[in-house]
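Try each task yourself before you read its solution.

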Amino acid sequence: MFERRLKVVLIVFLAGWVIVTLRLFQLQVVQADFYRAEAQRRLIKYEKTLEPMRGRILDRNGRVLASDEPKWAIAIHYRMLEPDDDSYYGQLADELLEDSKLLERHARNLLRLKGVTATDQNLIDDLIVYLRQEVNAQWVASEIEAFWQLLSTRSPDQSREDLRTRAVDITDMIGRWKAALVTREALGEEEAARPQIREETQCHPIITELDRQERIDAQSRLRQRFAWLFDLGAVEVADLSEREYHQAECLAHVVGHLREVTSDDIAESPYHKPDQPNDLGGYRNRDMKGESGVELMREQPLRGRRGSLTVYRDERPPLRIEPVNGKDITLTIDYAMQSAIYELLDRTVSKLSEVPGGSVVVLDIPTREVLALVSYPSYDPNTYRSDYPELSRDLRTFPLHFRAVSRQHEPGSIVKPLTIVAAHSAGLIDEQTRFDCQGRLDPNMTKFRCWVPANASESIHHGLINSEQAIKGSCNVFCFHLGDLFWKQLGGAEGLQRMSKWMDRLGLGRTTGIGLREEKYGIAPSPYYLWDQKRRPAQPSDPRNYAIGQGEMQVTPLQAANLVATYASGLHGPVRLLKHEQNTPPKSLPVEDSVWRIIRRGMYQVVNVRGGTATQYAKLEQPLPYVLCGKSGSAQTTRWITDYLVTYRDGDGERSETVPANTESFAHDEFVRQMMPEEKVPRDQAAGIRKELRKSIIQAEPVAYWPKEESKDRQHSHAWFVAFLQPKGADGQPDWNAQARIAIAVLLEFGGSGGRSSGPVCRDVAEMIINDFPHYVTAQHPLARRDR
Amino acid sequence: MKRPIYDLTWPGAAIFAASVCLCGVGLLCIIAVEGTAGAAALKQVVFVIASLAAGVAVLAVGYQRLGRFAYALFGIGLFLLAIMVLARVIGGLPMISPINGTYRWISLPGFSIQPSEVMKVVFIIGLAWYLRHKEDVRRFKTLIGPFMLTIIPMMLVLLQPDLGTALLLMPVLFVMLFAAGARLRHFAMVALLAVCCLPLFWSRMEDYQKERIAGLVLQYESVRQRVENSPENWKWLCPDGKSAALRWERGAGYQLIGSLGALGNGGWAGQGWRNGAYVRHAALLPARENDFIFAIIGEQWGFAGCLGLLACYVVIVVAGLEIATRTDDPFGRLLAVGVVALLGTQTLINVGMTLGLTPITGMNLPFVSSGGSSLIANFALIALLINVSQDRPFLLARKPFENPEPNYAGLR
């Protein structure tokens with residue numbers, strides 16, 4: 001039929017058809033499912049996330065300490081931020097043309113702006129016809145430029161250039177996130193598919209921090225002119241929120257603050273469910289999460305879960321998943337008491353020249369609720385970010401340290417009652433047991449002396465005393481004997497283990513159960529601890545030292561407060577910071593009531609009976625229906641290093657520089673930071689410069705200390721004072737059958753030995769509580785609220 | 001010796017039926033895209049009627065009479081193209097304004113003309129007329145003439161710029177030369193020459209044109225990744241390598257992703273007339289009533305529908321070649337081969353670009369895509385085919401093309 005050459009032509013064409021058919025078969029039959037899902041995905045016009053409000057943090061009386069305040073922002077789609085993305089403009093034009101209702105609305109808006117009341121339908125129709133011809137990518141581009149102009153006239157300080165640089169910043173940042181993601185995934189797989197990261201389909205805030213009125217203004221003006229941009233999801237008014245801390249500095253450590261999440265947080269987040277297409281629970285870039293305090297401790301209930309709004313291109317109604325706001329957290333702290341104590345500490349510390357800071361803890365004894373958890377000095381959490389460089393370099397007062405739970409010092413004499421309780425309960429001594437104190441444990445030894453009063457050269461001689469008197473006089477020698485009994489009668493290291501067991505029973509060397517991540521364990525040394533950490537076996541001197549709270553022992557102010565609450569009640573339990581959460585009540589210990597009476601009476605005499613160590617400092621001055629029973633303590637310490645002198649090579653010569661640092665490695669870091677050039681250096685070069693600087697360091701030695709002056713005997717000490725409030729009976733003597741309700745622990749760093757500096761603080765706190773917060777000390781309902 | 005106009009002969013009738021079917025499918029698609037049978041559909045109906053009228057006019061005139069004016073027509077075509085080029089050089093003339101930066105349309109009141117469509121018709125007539133008696137087509141020297149006839153309009157079309165139409169002329173020339181009996185050796189030499197010229201040609205191309213051709217490989221994720229990792233190695237292929245790869249999904253690849261998505265979404269049987277995500281939403285697939293109409297045919301009627309559509313084109317090609325075989329008039333035969341080559345190639349390129357097999361050039365699907373000029377041109381072309389088939393066998397004429405030894409059909 002065909003001639004030869006025409007046959008060849010036919011065959012060539014048919015071959016083309018066969019190839020086309022095969023490819024069609026592959027697309028439409030083999031891969032049909034994939035493309036069907038793809039079509040569903042592309043039917044989504046835009047997705048918007050709905051941000052939840054982070055839960056509030058309240059004090060026990062419902063006062064708001066931290067809350068999310070609504071803030072609005074004008075947010076712009078990622079692709080509109082990218083300069084000259086013509087394909088996006090074309091896409092917007094197509095979407096506008098497709099939606100005739102939207103086009104009509106735009107026409108009406110234009111007429112209204114021109115001052116024409118749009119009653120004449122013909123006029124509108126004409127304009128729509130005109131728009132239909134006009135709308136294309138170039139038109140969209142010019143409209144968007146007009147939008148930027150309108151946006152930049154919103155306030156005088158935002159020029160078009162500013163907005164442009166901000167847009168570039170945002171796109172750069174997203175580019176970096178994407179690069180990081182690609183690298184991360186490429187590490188796992190050989191040929192990782194490049195993800196389109198979520199931020200590329202989202203709007204990003206360009207003008208932030210609008211308040212309610214500004215938001216209404218901006219929105220009405222922009223919407224009037226550019227309603228279609230809003231409706232196509234290119235521009236939105238985003239509901240954001242900002243964390244605000246309403247208290248002053250006094251609660252900064254307890255409440256904590258937030259920080260921006262890192263890529264590690266996003267990857268490791270426990271709420272992250274990567275198999276879900278729209279993961280609402282996980283962290284996203286620019287999210288804030290708790291960094292410290294209760295914000296960190298209760299991160300999960302506080303943060304809530306975000307929602308989403310999905311708008312489809314077809315007739316389906318928008319799918320809205322409501323955000324779940326975070327739960328409110330109520331603390332057991334009384335804000336009024338906390339701030340009053342903070343101010344008291346502020347006044348006290350400013351009078352004492354050597355004291356860099358301190359801490360006061362007030363506990364409700366029956367429930368172990370924390371009423372005040374004060375660390376001084378503190379910082380303003382609202383300006384934390386900007387203040388951070390200065391705060392972190394303050395090596396004298398350490399304002400960022402949560403002293404109440406994270407500073408651990410030697411307890412000193414405040415554990416002497418514990419030693420006595422342990423010795424009684426272990427059967428080593430009874431009420432009649434007396435020891436003779438002649439100033440030294442062994443007259444031939446210079447070590448193991450009783451304490452030395454101020455302005456005296458020789459230590460005190462207590463004479464023949466029993467347990468109660470030992471507490472009253474804070475006798476070291478009595479306690480040395482008890483330590484010896486533990487060592488000798490209970491089998492050496494085994495005895496030390498028994499002693500350590502008693503420390504553990506009263507809450508030393510472990511967390512108090514408050515839950516704060518900043519909390520330190522303290523140290524309750526056992527033979528295992530000594531072997532594990534100090535690489536030495538237990539020695540006979542260890543129980544002696546621990547009996548008076550020295551050596552390796554360390555406690556935090558919160559542990560000290562819980563300890564004194566145990567002295568006062570005979571019960572031990574975990575400390576609570578959060579109301580409305582399950583907690584185990586304090587439990588009794590295997591100790592006779594009579595033993596508790598001995599130490600309570602001893603502590604009463606410390607403060608209230610002539611000859612007690614703290615009568616001059618801590619006795620309540622006003623006639624009140626309560627007595628303060630307390631125990632002072634001093635933690636021996638060395639001076640803190642505040643500055644290092646760094647010697648380094650500069651050219652041929654050697655030069656030196658003083659930098660603030662408390663350790664040598666920190667001094668090196670700080671030196672490098674200070675010597676970096678002022679102007680910005682590209683990242684790759686900066687690393688090289690740092691390396692060079694580090695190599696140039698010859699040595700670093702401490703040159704400045706705190707306190708500046710060294711004391712005569714080269715001994716410095718932190719001052720402890722722990723106390724509880726015991727109701728008075730009718731006869732003016734303490735009523736030992738009544739339940740004590742308030743336990744107080746005070747620590748003043750470098751406050752000197754004994755109760756000289758911390759005693760008065762404790763007394764003032766106690767008087768203030770009795771006068772201003774009587775409902776906490778009265779024996780009525782344990783948690784009675786003050787009537788307002 | 002002519003048959004009457006209404007006697008189409010069977011191959012002619014088959015071609016006519018197929019092309020009307022294709023027009024019908026195109027009309028359905030335009031209605032589906034518009035949503036209702038509105039202005040666009042009405043316009044297309046008017047174009048179909050105008051095209052049929054043009055076809056009847058061609059039949060009435062007769063291809064042999066047209067052939068006598070072949071060079072004059074060719075000259076008119078060149079003149080129109082030259083005006084477009086002029087408009088581009090001086091930046092616009094009355095009635096000629098740039099659309100997306102190209103000068104392709106002459107706007108007249110009510111409709112517009114695309115000179116390159118006119119050129120397609122007159123090019124085939126002119127080339128067929130030139131080659132009709134060239135017995136020495138087997139000598140290389142005589143191939144220069146037809147090449148010049150192709151190169152000049154090609155260059156003018158390229159300057160509009162319109163890469164797709166320009167590239168379309170070359171295959172038509174080759175098929176016609178091949179049918180006319182040119183030696184394969186010469187083809188090989190020409191092919192070699194073309195390969196040598198390719199780098200020169202490539203370097204003269206605009207970046208966006210390069211990007212379209214690069215799209216053939218850039219559509220694969222692994223290639224994009226490689227380009228992104230070492231853009232300098234791929235500079236010859238896509239000049240702004242890294243950003244082209246990064247922005248592929250929203251830039252050059254957007255249409256391709258849309259068309260593959262539409263076809264895939266159709267599946268076996270399709271989503272049905274006027275149904276489907278891509279049919280209903282312009283933002284997902286731009287130009288879907290025009291260059292990418294095959295994609296929404298695939299979405300609406302699925303694999304089965306696509307096969308049916310392709311079958312219509314197969315009918316046109318097979319019947320067209322049958323007409324070429326039957327006729328004894330060398331001019332008619334060359335004309336028929338040229339028309340088949342043009343329609344067949346254009347179809348394959350258009351369907352191929354929808355499938356990601358050929359570069360995305362602005363080329364529409366004959367008879368189906370909306371647009372007046374191309375529809376009228378295509379109907380004029382098939383009218384020429386039918387007209388050729390209406391010629392009665394001229395028994396005494398020497399069988400054309402059967403070179404070198406003369407072969408007298410009547411004596412056989």
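**Exercise 1.** Which strands of chain A does helix 26 of chain A lie across, and at about what angle does helix 26 run to strand 19 of chain A?

*Solution.* Before starting, note that this is a predicted model, in which local features need pLDDT of at least 70 and side-chain atom pairs count only at pLDDT 80 or more, while totals for chains, interfaces and linings use all residues. Residues are numbered from 1 along each chain as its sequence is written, chains are lettered from A and ligands numbered from 1 in the order in which they are written, and side-chain values use heavy atoms, with hydrogens and water left out.

Step 1: helices (H or I, at least four residues) and strands (E, at least two) are DSSP runs, numbered from the N terminus. Helix 26 (residues 664–675) of chain A lies across strand 18, strand 19 and strand 20 of chain A, and runs at about 105° to strand 19 of chain A. Such angles run from 0 to 180 degrees between the N-to-C directions of lines fitted to C-alpha atoms, for helices over the stretch in contact (heavy atoms within 4.5 Å).

Step 2: helix 27 (residues 683–696) of chain A lies across strand 18 and strand 20 of chain A, at about 75° to strand 20 of chain A.

**Exercise 2.** What is the order of the three strands in the open sheet, and which strands stand at the edges?

*Solution.* Step 1: the order is 19-18-20 (chain A), with antiparallel pairing, where two strands pair if DSSP finds at least two bridges between them.

Step 1: strand 19 (653–660) and strand 20 (697–706) of chain A each have a single partner strand, so one side of each is left without a neighbour in the sheet. Neighbouring strands of this sheet are turned by 25° against each other on average, direction ignored.

Step 2: strand 18 (residues 640–650) of chain A pairs with strand 19 of chain A over eight bridges, and in strand 19 of chain A the bridge partner of Val646(A) is Glu657(A).

**Exercise 3.** How many residues does each chain give to the contact between chain B and chain A, and which residues form the salt bridge across it?

*Solution.* Step 1: chain B gives 65 residues and chain A gives 45 residues. Together they bury about 4900 Å², 61% of it on carbon and sulfur atoms, where buried area is the accessible area (1.4 Å probe) that two parts lose on being put together, summed over both.

Step 1: the rule finds one salt bridge across this interface, a salt bridge being a side-chain nitrogen of Lys or Arg within 4 Å of a carboxyl oxygen of Asp or Glu. Its partners are Glu315(A) and Arg280(B), at 2.7 Å from N to O.

Step 2: helix 14 of chain B gives the most to the side of chain B that touches chain A, with 15 residues.
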